[in-house]
Amino acid sequence: MSDRRDYRDTVFLPKTEFPMKAGLAQKEPAILARWAAMGLYQRLREAREGRQRFILHDGPPYANGDIHMGHAMNKILKDIVVRSQSLLGKDAPYVPGWDCHGLPIEWKIEEEYRKKKLDKDEVPPREFRAQCRAYAEKWVAIQSEQFQRLGVMGEWDDPYLTMKFEAEAKIVEELLKFAESGQLYRGAKPVMWSPVEKTALAEAEVEYEEIVSTQIDVAFEIVESPIKELVGAHAVVWTTTPWTIPVNQAIAYGPDVKYALCVAMICREGAEEQSSDGTSFLGNGMFLVATALLEDFERRLNAEWKRQPDSDGYRVHVWPWSKELGELSGAQLAGTVARHPMHHLAGFFAKPRPFLPGDFVTTDAGTGLVHMSPDHGEDDFLLCKAHGIDPVFAVDGGGFYRPDWEWLGGQGSVINNKFNAPDGPICSDLRAAGGLLAASADFSHSYPHSWRSKAKIIFRCTPQWFIPMGSPSPLAGEGQAARSDARERAESDSAIPLPNPSPARGEGLRQTALAAIADTRWVPEKSRNRIQAMVEGRPDWVISRQRAWGVPIALYVDRKTGDYLRDPAVNSRIIHAFHEGGADAWFGADHQALLGNGYRLEDYEAVTDILDVWFDSGATHSYVVEARYGQDVRADLYVEGSDQHRGWFQSSLLESCGTRGRAPFEAVLTHGFALDQNGRKMSKSIGNTVDPLKVLQESGADILRLWVASTDYFEDVRIGKEVLATTTDAYRKLRNTFRYLLGALHDFSEVERVAPADMPELERWVLHRLAELDDELREAVDGFDFNRATRAITAFANDDLSAFFFDIRKDSLYCDAPSAPKRRACRTVLDIVFHALVRWMAPILCFTTEEVWETRFPDKGSVHLLEWPEIDAAWRDEALAARWGLVRASREQVTESIEPLRREKVIGSSNEARILSPAVEMDLTGLEPLELREIYIVSEVVPGDGDSIEVARTDFLKCGRCWRHVPEVPEEGGLCGRCEEVVNG
């Protein structure tokens with residue numbers, strides 16, 4: 001036995017320098033450096049010049065802090081889209097961009113001031129803005145490097161920044177288009193306002209959190225009513241914002257709501273019927289409440305009563321006051337008037353509080369009567385405005401009542417919990433005045449917060465600039481016609497009268513936007529409904545901010561009329577000034593020179609409000625897509641998270657529809673959020689964040705890229721240690737597939753190539769699968785569904801190749817003569833598979849496929865310069881596929897039948913098995929016993945008459961070279977006929 005020859009040196013084992021261990025974290029930076037040195041992005045632009053263009057317009061992340069997992073997911077998905085379109089042969093440039101203006105950066109600079117005990121308002125505006133610019137520049141540079149480390153390829157040397165002078169000039173130009181076309185007005189109405197940041201906010205700048213608020217029931221005494229029984233009774237309003245009671249001006253009822261006049265009596269426990277032995281809860285104890293909410297009202301009164309001393313043994317009962325009066329419909333309350341519980345303060349509080357019909361009043365909660373404060377609610381404002389009741393502007397920008405306010409003047413902040421608490425000043429004063437029925441700090445609900453400061457926001461009526469969604473809004477002010485105290489109060493904040501709105505043109509921005517939504521491709525399709533509902537219901541777009549860092553609303557307003565100047569020549573000079581000096585040019589401008597000789601500066605006031613940053617980013621299509629690729633060119637695709645339906649998608653849509661009458665995009669792809677592995681939102685406070693920078697250091701970018709492509713990113717996705725471990729395992733299998741292909745194709749040359757028609761069925765079946773896969777992948781790329789593409793490629797690599805084709809053909813690859821037709825056919829197919837897989841996976845595993853390509857073709861440039869593989873549709877053969885489906889099924893049955901003998905150690909490898917196969921199985925496959933022997937990887941297949949597969953140990957000896965058990969092996973360790981011919985020729 002010791003003299004038996006070792007034939008290992010005669011076996012054609014795979015040879016490759018491609019390592020099993022990826023070492024991505026170490027290799028990827030070197031690959032990035034090589035791409036930079038060769039100018040890969042520019043070479044790709046040159047290679048695709050003149051081809052069909054595909055433009056993915058990058059939504060700008062904010063230049064503030066290191067990237068998080070949401071950034072990584074978004075940028076990787078965009079890069080996969082761009083690379084896949086380039087693979088299809090299109091010219092697919094990618095211009096990254098950043099949103100640089102706005103409150104987050106300003107807030108950071110102010111934080112530094114506060115640490116140094118400096119006042120921002122004492123710093124020259126130009127100096128403050130320069131610090132904001134420097135801060136943004138710092139983070140643009142950091143984030144750019146981090147995005148590139150993810151493998152994102154683009155014009156990193158020439159990104160777009162909203163703070164570049166040419167961008168700021170274009171933003172102003174777009175704004176002036178709205179102004180010149182009359183799609184702009186200045187008016188006072190409630191907007192979302194941050195008392196902490198002292199500025200108006202857009203809906204996209206607001207997030208909702210669960211909080212616990214003080215809920216109060218307040219009694220307004222009815223002093224007039226067509227229903228005489230109501231006079232002297234109290235209308236009960238319920239609110240979770242006690243601070244709005246000092247600004248109440250009316251009470252709203254639901255015209256179709258049913259109301260009851262009831263009495264609230266303090267009676268002994270157990271009293272079930274109305275009793276005269278009780279004591280009135282308040283005054284005459286009569287209250288007007290919606291019938292459907294009487295039980296809730298009684299519950300809150302009892303909760304309040306139980307907090308009183310000596311309440312044991314007694315409870316509050318609420319009963320109808322008069323059976324004869326019965327239920328009242330809301331419509332019957334018309335003409336009813338109440339007085340404010342603080343009416344003794346006179347002035348504002350002595351004015352009557354009329355009952356007004358409100359369609360928005362429901363019986364979901366409260367009392368069915370809603371107190372109206374036109375300063376602090378949109379429904380309130382509209383209803384009061386329709387009945388001639390104006391805002392009073394009692395709450396200032398910091399959330400304090402103005403000093404001259406009759407009640408709580410100079411006090412606040414209105415978002416402070418203690419200020420609104422049951423024992424706070426509001427409730428205490430109401431209780432002393434006999435107007436507070438119940439108060440408890442236990443109402444849990446969702447409430448809007450600023451997503452930057454995380455502080456609660458309020459609705460506050462304040463003069464702002466708006467873009468109307470439809471015809472000019474009646475809320476815009478009345479020009480010179482009316483000069484009410486409220487109006488004068490609004491104007492005093494800015495010294496600019498409120499102008500008349502300009503006439504609407506066409507069908508209105510809302511309808512234009514809805515038509516554009518209908519004409520746009522939305523992926524997934526259900527996202528169309530989301531943005532459509534948001535546009536249908538959104539109010540006019542408030543575009544002004546009371547801050548310092550951003551693009552100013554560069555308008556001149558007539559001091560007498562309040563109208564803004566619409567002069568193309570003046571606008572042209574403004575735009576030119578911005579091109580020369582950016583937004584700073586406005587704050588230090590020679591305004592008379594900009595106005596020109598036709599106007600006197602003393603007649604006009606330059607607006608100093610800052611433009612909403614969502615307008616900045618909404619206009620990017622004009623100074624990125626059109627500026628680089630031509631006027632009227634639209635982006636093929638926008639890609640962002642689902643929150644951008646109320647953010648960038650919508651602001652871009654509205655800006656373009658307002659200036660061009662159409663959307664700025666052909667298609668929109670929406671992805672979900674990155675959650676932790678338990679499905680929770682990532683939060684530093686919880687400690688469940690997954691840092692993409694750490695993943696890059698430990699595992700490499702391709703792991704993150706494969707994770708993104710493997711998820712159903714149209715929904716929220718999960719990531720954590722277990723998820724990354726699963727992704728790493730999937731990556732390892734794909735890497736092993738490439739490694740096997742590289743090894744099996746060592747020294748492959750064109751002289752070996754075999755035409756498909758001359759190939760065995762197994763090879764032609766693989767080509768059929770490639771053709772099937774090619775169709776599926778094209779559909780997936782067209783639908784931007786890379787999860788589907790990744791699953792299809794992974795299944796092909798693992799199931800069709802590794803577990804089937806590679807397993808069967810390894811004997812031929814290792815042991816057949818190099819000139820053997822079967823081996824040549826196999827290697828031809830492997831070469832075709834290699835070129836297909838390395839291209840198909842290049843957009844996803846951009847680093848690994850480059851390493852694979854360079855390993856095989858070190859002198860043929862980058863894999864990312866290649867195009868989609870050439871797959872012949874004629875390779876599809878459905879009949880062949882059907883037959884090989886049966887073959888695979890029978891192979892699985894054989895494998896299962898062998899397994900018990902392996903467990904019992906009757907046989908070692910499947911090569912030692914002798915298979916007695918039912919004749920019907922062999923008839924179905926249509927293959928000969930020798931072919932089946934090779935496919936099953938057994939010693940022999942014998943037709944049998946039974947109904948099941950039988951397995952036994954073969955009596956054949958083992959070949960010393962190929963290790964097959966075949967009949968022609970003369971002795972154990974000798975050579976079979978095939979190996980004898982290869983070794984000894």
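This is a predicted model: local features need pLDDT of at least 70, side-chain atom pairs count only at pLDDT 80 or more; totals for chains, interfaces and linings use all residues.
Begin by selecting β5 (199–200) and β24 (610–611), each of which supplies at least two residues of the lining of the second largest cavity.

Fourteen residues line the cavity; to centre the view, select G102, L103, E205, R545 and R547, the ones closest to its centre. Colouring the lining by class gives seven nonpolar, two polar and five charged residues.

**The largest cavity**

Six cavities of 30 Å³ or more are present in the structure. Next, move to the largest, with a volume of about 90 Å³. Which elements each supply at least two residues of its lining? Select α3 (69–87), α23 and α24 to display them.

**Two residues with positive phi**

Stay with α23 and select the loop between α23 (761–782) and α24 (786–815), where F784 is found. F784 is not a glycine, yet its phi is positive, at about 55°. Is F784 buried or exposed? Its relative accessible area is 4%, and F784 is therefore classed as buried.

Proceed to the loop between α27 (878–903) and β29 (913–918), and select K905. This residue, likewise other than glycine, has a positive phi near 60°. In contrast to the buried F784, K905 is exposed, with a relative accessible area of 72%. As background to both stops, most residues other than glycine have a negative phi, and most peptide bonds are trans.

**Two cis peptide bonds**

The last two selections concern the peptide bond itself. Select G412 and S413: the bond from G412 to S413 is cis, with omega near 0°. S413 lies in the loop between α8 (378–386) and α9 (417–420).

Finally, select V523 and P524. P524 is placed in the loop between β19 (521–523) and α13 (527–537).

Notes
Residues are numbered from 1 along each chain as its sequence is written. Side-chain values use heavy atoms; hydrogens and water are left out. Helices (H or I, at least four residues) and strands (E, at least two) are DSSP runs, numbered from the N terminus. Buried means under 20% relative accessible area, exposed over 50%, partly exposed in between (1.4 Å probe, protein chains only). On a 1 Å grid over the protein atoms alone, a cavity is a set of points where a 1.4 Å probe fits but cannot get out, and a pocket is an open set with protein on both sides within 12 Å along at least five of seven lines; lining residues have an atom within 4 Å of a point. Grid points are joined across faces, edges and corners, and a volume is the space filled by probe spheres set on the points. Ala, Val, Leu, Ile, Met, Phe, Trp, Tyr, Cys and Pro count as nonpolar, Asp, Glu, Lys and Arg as charged, and the others, Gly among them, as polar.
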